[in-house]
Amino acid sequence: MNKVFPQGENDYTAAGPKAHPGGEGVQACITLTNRTGFLCHDQRSCIPASGVCDGVRTCTHGEDEDESLCRDVPQSLPRFLVAHCGDPASWIYSDQKCDGTNNCGDCSDELSPVTVCPPCGPGWWHCPSTFFKYCDCIPRRLCRDHVQHCSDWSDEYACPGP
């Protein structure tokens, strides 16, 4: 079951007409993969934040592509769907924060001081990455593949592998 946040809880601006001008009110939820989501009007379907205004109607009634929601992205999106990068002109969807991938281009979505993420998960290896797609951790599937992914070569010599 998806978790729905009432207005104001956990620093989310969710629910209520003020959260979504011109709309019926938008609520945050937590997806099955434990990411910030958008609660569809059926009050059961929780789609990932990055599924909102992506050109694909995912909610049954298409409210994730509503014109008032998508007309001036990211300004027209509720705050809980948006995360800002180190460069104030750049933004990502909130479910892309702390996902192990360098979505901002400067690693600010993965590293402090802009973002505080938990340590590398079980499927990841902590190292200074040389591959710009990742920041502070690389997927373990890249360990011991005879290609340097960490500047200290620990992915080839210290990482136990997948």
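**Disulfides, pockets and a polar contact**

Cys40 and Cys59 are joined by a disulfide, with an S to S distance of 2.0 Å. The model is a predicted one, and the count of disulfides in the model comes to nine.

**The link of Cys40 and Cys59**

- The torsion about the S-S bond of Cys40 and Cys59 is about -75°, so this disulfide is left-handed.
- Cys40 is placed in the loop between strand 3 (36-39) and strand 4 (46-48), while Cys59 is in the loop between strand 4 and helix 1 (67-70); the pair therefore ties together parts that lie 19 residues apart in sequence.
- Both Cys40 and Cys59 are buried.

**The link of Cys98 and Cys117**

- The link of Cys98 and Cys117 is left-handed, with -85° about the S-S bond.
- Cys98 and Cys117 each lie in the loop between strand 6 (91-93) and strand 7 (124-126), so the pair ties together parts 19 residues apart in sequence.
- Cys98 has a relative accessibility of 22% and therefore counts as partly exposed.
- Cys117 is likewise partly exposed, because its relative accessibility is 22%, and the cut-off for buried is under 20%.

**The link of Cys120 and Cys137**

- Cys120 belongs to the loop between strand 6 and strand 7, whereas Cys137 belongs to strand 8 (residues 137-139), so the pair ties together parts that are 17 residues apart in sequence.
- At a relative accessible area of 24%, Cys120 is partly exposed.
- Cys137, in contrast, is buried, with a relative accessible area of 14%.

**The largest pocket**

- The space in the largest pocket amounts to about 370 Å³.
- Its lining consists of 16 residues, and those nearest the centre of the largest pocket are Thr36, Ala83, Ser94, Asp95 and Lys97.
- Strand 5 (residues 82-84) gives the most to the lining of the largest pocket, contributing three residues.
- By residue class, the lining of the largest pocket comprises six nonpolar, six polar and four charged residues.

**The second largest pocket**

- The second largest pocket holds about 310 Å³ of space.
- There are 17 residues in the lining of the second largest pocket, with Glu110, Pro118, Pro119, Cys120 and Cys137 nearest its centre.
- The lining of the second largest pocket divides into nine nonpolar, four polar and four charged residues.

- Ser68 is located in helix 1.
- With a relative accessible area of 12%, Ser68 is buried.

Methods
Residues numbered from 1 in each chain as written. Predicted model: local features only at pLDDT ≥ 70, side-chain atom pairs only at ≥ 80, totals over all residues. Heavy atoms only, no water. 1 Å grid on protein atoms, 1.4 Å probe; cavity = no way out; pocket = protein on both sides within 12 Å on 5 of 7 lines; lining within 4 Å. Points joined across faces, edges and corners; volume = space filled by probe spheres on them. Helix = DSSP H or I, 4+ residues; strand = E, 2+ residues; numbered from the N terminus. Nonpolar A, V, L, I, M, F, W, Y, C, P; charged D, E, K, R; others polar. Disulfide = S-S within 2.5 Å. Buried < 20%, exposed > 50% of the residue type's maximum accessible area, 1.4 Å probe, protein only.
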